[in-house]
Amino acid sequence: MATPQPFPVNPTLTAIAIGYHNTDDMLIADQVLPRVPVGQKFTWTSYSAEQAYTVPNTQVGRKSQPFTVDFSGTSQTDSVNDYALDDFVPQDDVEAWEAMPKPPTGGPLSPQALATMMLTNLIELDREIRVANLVFNPASYPANQIETLSGTSQWSDYTNSNPLSDLMAALDVPLIRPNTIVMGRQAWTVLRQHPKIVQAVEKAYVGSGVVSQQAVADLLEVKQILVGNSRLNTAKKGQTPSYARVWGKHAALLYVSELAAQTFQPSFGFTAMFGTRIAGDIPELKRGIRGGVTIRVGERVKEIISAPASGYFIQNAVA
């Protein structure tokens with residue numbers, strides 16, 4: 001059995017590397033909690049809903065003054081958190097790659113580029129986990145905007161459950177009607193095959209089938225359905241890998257606005273981002289016999305639930 005190496009080198013062959021990781025289309029965190037540029041420390045203001053829904057007397061006498069309305073908001077002061085990972089690349093690996101024969105185009109990644117790519121994948125996965133844990137947490141919602149399914153009410157019971165009715169009713173509860181439905185892959189796989197959903201989309205009884213995300217979004221009159229496909233290894237280092245879904249068997253109905261913070265729109269949440277993601281190298285002379293370079297990837301962000309009343313949580317949607 002081959003011994004794993006940080007940068008295996010074969011000088012006589014064109015190197016082909018296959019790396020398993022969550023691809024970009026498997027990650028949905030940036031779509032669920034959009035990034036908003038901020039300073040390292042920032043302030044965001046939450047305005048109570050009743051100010052926009054309570055209408056005072058607007059009639060004005062010919063010589064009287066209009067009624068004065070006093071708007072007030074709750075100011076929240078916060079700061080971004082730093083997230084980063086390092087990987088050390090020995091100088092021997094750098095020189096071995098430089099000495100390798102390479103085709104005119106393409107060719108093997110340098111060990112520095114490979115380290116940057118792998119670190120970036122882990123930084124993105126960590127953010128995906130944070131967002132999933134926040135969005136699929138009952139504490140992120142008002143008590144009357146949480147529903148927990150069990151037994152025959154779970155969508156995996158194709159005979160007794162009615163996900164179409166569940167979703168239609170849930171969409172009408174928040175003050176701001178959700179425009180996005182977020183669910184884990186397991187929940188979506190069950191939902192897209194549910195007879196009541198298939199029948200509603202096809203407008204006729206077809207026995208069985210599957211429907212697309214866009215078809216269900218159109219049926220429910222929402223902008224989009226986002227499905228979390230990413231996985232993580234829950235085992236400790238050195239143990240047999242145990243892979244689990246990052247997004248669980250739940251569904252969240254959210255109003256998502258990418259321009260919320262800049263245009264005074266409500267949005268279930270956002271991600272405060274200071275600067276851009278960084279990637280760089282740091283010379284390390286004291287490690288190994290010939291030194292090397294430490295590759296660092298990081299970002300400064302903070303995930304925030306800013307308008308919980310614009311969301312609805314269906315917990316344990318499937319068994």
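Predicted model: local features only at pLDDT ≥ 70, side-chain atom pairs only at ≥ 80, totals over all residues.
Reader: What makes the protein more spread out than a compact globule?

Author: The model has nine helices and 14 strands. Its radius of gyration is 25 Å, whereas the globule rule gives 20 Å for 319 residues, so the protein is more spread out than a compact globule. Along the principal axes, the C-alpha atoms fill a box of roughly 85 × 60 × 40 Å.

Reader: How much of the protein counts as buried, and what does its surface consist of?

Author: Of the 319 residues, 37% count as buried. The protein exposes about 18500 Å², and carbon and sulfur atoms supply 53% of that area.

Reader: Why is the pair Arg127 and Asp30 called a salt bridge?

Author: The closest N and O atoms of Arg127 and Asp30 are 2.8 Å apart. The cut-off is 4 Å between a side-chain nitrogen of Lys or Arg and a carboxyl oxygen of Asp or Glu, so the pair qualifies as a salt bridge. Arg127 sits in helix H4 (residues 111-135) and Asp30 in helix H1 (residues 29-32), and the two are 97 residues apart.

Reader: Why is Arg127 called buried, and what is Asp30 called?

Author: Arg127 has 2% relative accessibility, and buried means under 20%, so Arg127 counts as buried. Asp30 has a relative accessible area of 40%, which lies between the 20% and 50% limits, so Asp30 is partly exposed.

Reader: What makes Asp86 and Arg296 a link between parts of the chain?

Author: Their side chains meet in a salt bridge, at 2.7 Å from N to O. Asp86 lies in strand S4 (residues 81-90) and Arg296 in strand S13 (residues 292-305), so the pair ties together parts that are 210 residues apart in sequence. Asp86 is at 41% relative accessibility and counts as partly exposed; Arg296, at 35%, is partly exposed.

Reader: Which residues are linked in a network of salt bridges?

Author: The network links Asp30, Arg35, Glu124, Asp126, Arg127, Arg130, Arg277, Glu299 and Glu303. A search of the whole structure finds 14 salt bridges.

Reader: How far apart are the mean positions of the positive and negative charges?

Author: The protein has 25 positive and 28 negative charges, and their mean positions are 2 Å apart.

Reader: Why is Ala49 called partly exposed, and where is its place?

Author: Ala49 is in the loop between strand S2 (41-47) and helix H2 (50-53). Its relative accessibility is 33%, which falls between 20% and 50%, so Ala49 counts as partly exposed.

Conventions. Residues numbered from 1 in each chain as written. Heavy atoms only, no water. Helix = DSSP H or I, 4+ residues; strand = E, 2+ residues; numbered from the N terminus. Rg over C-alpha atoms; globule rule 2.2 N^0.38 Å. Buried < 20%, exposed > 50% of the residue type's maximum accessible area, 1.4 Å probe, protein only. Areas by Shrake-Rupley, 256 points an atom, 1.4 Å probe, with all protein chains shown as cover. Lys, Arg positive; Asp, Glu negative; His and termini not counted. Charge placed at Lys NZ, Arg CZ, Asp CG, Glu CD.
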